[in-house]
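Below is a short report on one chain. It covers domains, helix packing and backbone geometry.

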Amino acid sequence: MSLTAIRFDSALHLLDQRLLPRESRWVTCRTAAETADAIASMVVRGAPAIAITAAYGMALAQGAGADMALARAALLASRPTAVNLRWALERLDPLLRAGADLLTEARRMHEEDVAINRALGAHGAPLLQEGVLTICNTGTLATGGWGTALGMVRSAREAGRAIHVYALETRPYDQGARLTTYECSHDGIPCTLLADSMAGALMAAGRVRSVVVGCDRVAANGDAANKIGTYNLAVLARHHALPFYVAMPSSTLDAGCPDGASIPIEERPAEELFAGLRGVSVWNPAFDVTPAELITAWVSEHGVSREGPLP
Ligand code: MRU
C-alpha cells in the first residue's frame with residue numbers, strides 16, 4: 001500500500017509524523033485552529049504538505065462558518081519559512097471572496113501536488129547518479145505524494161536506475177532518521193542512514209555522486225532555505241566537486257524575496273534540541289540558507305535550470 005500522510009473526509013486526518021516510525025497514529029483536525037496547531041507542532045511537516053494542510057484548514061473554517069480572517073492568520077503564522085503555506089492561502093483568497101467552495105480547491109491542490117512532483121521527478125531523475133546523499137524528509141510524507149528530492153530518486157528508480165540513498169539523520173528533529181528511512185524501507189528504496197557529522201567522510205570515501213535536497217523557500221536570486229545542515233552539505237559538495245541539486249516545486253519560489261538574507265528563518269523550541277539544561281541558552285534554527293553560487297541546478301516541475309530558479 002502506498003504511504004499517505006493527509007486524508008480528508010468530513011474532517012482532516014493527519015498521520016502523526018512525531019510518532020513515526022514506531023507508531024502510525026492519526027490526528028483529526030476539525031477546525032482551522034486545530035490545523036494550525038498540528039502544523040506548528042510538526043504533526044505534519046514538509047513545505048508542500050504544510051501548504052495542502054493549510055488549504056484544508058481553510059476549508060474546515062469555511063464549512064463551520066468561522067471567522068475566515070482569524071483562521072487565515074492562525075494558519076499563516078503556524079510556520080514562517082515555508083513560503084508554500086502563504087502561496088496556498090493566497091491561491092484561496094480570490095475564491096473565498098467569490099464565495100466558492102474551498103474544499104474543492106484544497107482537494108485540487110492536493111492532487112496537483114502529486115502531478116507536480118511527478119513532473120519534477122521526471123526532469124530531475126536523469127541528473128542523479130548512483131549514491132545520492134540527502135537531508136531531512138522530502139518524500140510522500142512531506143508532500144501530497146511522491147516527493148520532491150526523494151521524488152527524483154523514486155522517478156529514477158521507476159526508470160530502472162539503481163540508486164542508493166544516503167539519508168542524513170537530520171539533527172535535531174531526526175526527519176531523516178525517522179521519516180526518510182521509514183519511507184525508503186516502506187517502498188523498497190535501498191537506503192543507508194548516517195549521522196550528519198559523517199557526510200564529509202562519506203564524500204571523501206567516494207560513495208556519493210550527487211547531493212539532492214528539498215527547500216522551503218527560494219529567493220529570486222536562487223538562494224535556497226532548507227533544513228538546517230543543508231548549507232554545510234553544499235559547502236562539502238563544492239569541496240568534493242559533487243553536484244548539488246535543489247528540488248523546488250514552483251510554489252517554493254518567493255519572487256518578491258530578493259535574496260537569502262531576506263528569508264525568515266524559524267527558530268524551534270529549545271527542548272527540540274536538548275531538554276533539561278537550566279541556565280544555558282539554546283540556538284535552534286530549523287533552516288539555513290544555501291547561497292545560489294553553491295547550487296548546481298534548480299529542479300522544478302518546469303524543468304532543470306543551471307542559471308537560477310525557473311519562474
Ligand atoms: O522542518 P520540516 O521537517 O518541515 O523541514 C522540511 C524540509 O526542510 C524539507 O526539505 C522541505 O520542506 C521540502 S519538503 C518536500
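## Domains

Contact means heavy atoms within 4.5 Å. By that criterion, 28 residues of domain 1 are in contact with 28 residues of domain 2. The model is predicted: local features need pLDDT of at least 70, side-chain atom pairs count only at pLDDT 80 or more, and totals for chains, interfaces and linings use all residues. Residues are numbered from 1 along each chain as its sequence is written, and side-chain values use heavy atoms, with hydrogens and water left out.

Domain 1 spans 6–115 and domain 2 spans 122–305. These bounds come from an automatic or database domain assignment. Over C-alpha atoms, the two domain centres are 23 Å apart. About 2300 Å² is buried between domain 1 and domain 2, and carbon and sulfur atoms give 51% of that area. Buried area is the accessible area (1.4 Å probe) that two parts lose on being put together, summed over both.

Helices (H or I, at least four residues) and strands (E, at least two) are DSSP runs, numbered from the N terminus. Axes are lines fitted to C-alpha atoms, for helices over the stretch in contact; angles run from 0 to 180 degrees between N-to-C directions.

Helix α2 covers residues 47–63 and helix α5 covers 102–124. Their axes come within 8 Å and cross at roughly 165°. The pair is therefore roughly antiparallel, a term for angles over 145 degrees. The crossing of α2 and α5 is left-handed, meaning the near helix is turned anticlockwise from the far one by less than a right angle. On the α2 side, P48, I52, A55, Y56, M58, A59 and Q62 take part. They meet L102, L103, A106, R107, M109, H110 and D113 of α5. This set divides into ten nonpolar, two polar and two charged residues. Nonpolar covers Ala, Val, Leu, Ile, Met, Phe, Trp, Tyr, Cys and Pro; charged covers Asp, Glu, Lys and Arg; the others, Gly among them, are polar.

## Helix α1 against α2

Helix α1 (residues 32–40) also packs on α2: the axes come within 8 Å and cross at roughly 165°. That makes α1 roughly antiparallel to α2. The crossing of α1 and α2 is right-handed, with the near helix turned clockwise. A32, T35 and I39 of α1 meet I50, T53, A54, G57, L60 and A61 of α2. The contact residues are six nonpolar, three polar and no charged.

## Backbone exceptions

Most residues other than glycine have a negative phi, and most peptide bonds are trans. Where are the exceptions listed here? A cis bond joins L20 and P21, with omega about 5°. P21 lies in the loop between β2 (12–15) and β3 (26–29). The bond from R171 to P172 is cis, with omega near 5°. P172 sits in the loop between β5 (165–168) and α7 (175–187).

C136 is not a glycine, yet has a positive phi of about 65°. Its loop runs between β4 (132–134) and α6 (149–158).

Key
Angles under 35 degrees count as roughly parallel, over 145 as roughly antiparallel, 65 to 115 as roughly perpendicular and the rest as oblique.
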